[in-house]
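Here is a short briefing to read alongside the model.

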Amino acid sequence: MESELDRLFGLPPDEFVPARNELARRLRREGDREGADRVAGLRKPTVAAWAANQAVRGDRRTADRLLAASDRAVAAQQALVAGTGEADALRAAVEEQAKAVDELRAAAAEALRAAGKPAPEATLDRVARTLRAAPLDGGARAALERGRLAEEVEHAGLGPEAAFAPAAPRGPARPAAPKRERREREEARRGERELRARVGELREAAREADRAAAAARRQAEAAEKAAAAARERLDAAVAELETLRSRS
């Protein structure tokens, strides 16, 4: 079953749903109702999740570096909070994690292009956010390690995200904002980021549609010219035939 699932999440995006349904039907025919229900409930990966999966599958060494650096960053952040850590340890872990994310982001772009899919910056930014966040979430981390993510992963709140940012210099203490106000600001920022990403994807889709329409117009014009030429040849042949008939 696990090997079947690995194969399923490695398929091109357009092949996922038919292959998932066929696998579920086969398992049901074989009497594995539990397995069939599990497979049937699998969601088709989003474009960004699919790209992240392929990047991890294609470069396991960099994926392992990412996970290890993420663990070190969290441990270093916790040590700093406890007053027993060093800022240099956090900074080094963050830099290594950032390098791994950049390399996997580039691999995700190549996977998308190889599958004939656009790779807009908005999608690749979502891949990078997922690669940073997934190692901090137990379920998402396990899915990332197997290349089986079904959707993007976001940091939940400010705590985990802080593990991936260099410690800010301490300044004068400021009154803490109410929790509800901080949560509303974070939700607004998250909504804005998601909207920007969606706009980027729609803009890329519109450009693709424009290119397809232009190609269709060129084909139609070529077809019209070919038809006109064919009609001219037909008219000439008919005229020649009439001439021959008049002479006979």
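Buried means under 20% relative accessible area, exposed means over 50%, and partly exposed lies in between (1.4 Å probe, protein chains only). This is a predicted model, in which local features need pLDDT of at least 70 and side-chain atom pairs count only at pLDDT 80 or more, while totals for chains, interfaces and linings use all residues. Residues are numbered from 1 along each chain as its sequence is written, and side-chain values use heavy atoms, with hydrogens and water left out.

**Overall picture**

- The protein has 10 helices and zero strands; helices (H or I, at least four residues) and strands (E, at least two) are DSSP runs, numbered from the N terminus.
- Of the 248 residues in the protein, 32% are buried.
- Among contacts (heavy atoms within 4.5 Å) with a separation of 6 or more, 69% are between residues 24 or more positions apart.
- The accessible surface, from the Shrake-Rupley method with a 1.4 Å probe and, for residues, only the protein chains shown as cover, comes to about 15500 Å², and carbon and sulfur atoms hold 53% of it.

**Salt bridges between elements**

- The whole structure contains 21 salt bridges, each a side-chain nitrogen of Lys or Arg within 4 Å of a carboxyl oxygen of Asp or Glu.
- One of them pairs Arg141 with Asp71, at 2.8 Å from N to O. Arg141 sits in helix α8 (residues 138-146) and Asp71 in helix α5 (residues 60-82), so this bridge ties together parts 70 residues apart in sequence.
- In that pair, Arg141 is buried at 19% relative accessible area, whereas Asp71 is partly exposed at 39%.
- Asp125 and Arg105 also meet in a salt bridge, at 2.9 Å from N to O. Because Asp125 belongs to helix α7 (residues 121-133) and Arg105 to helix α6 (residues 87-114), the pair links parts that are 20 residues apart in sequence.
- Asp125 counts as partly exposed, with 35% relative accessibility.

- Glu152 and Arg126 form a salt bridge whose closest N and O atoms are 2.4 Å apart. Glu152 lies in the loop between α8 and α9 (158-162) and Arg126 in helix α7, so the bridge ties together parts 26 residues apart in sequence.
- Here Glu152 is partly exposed at 23% relative accessibility, and Arg126 is buried at 14%.
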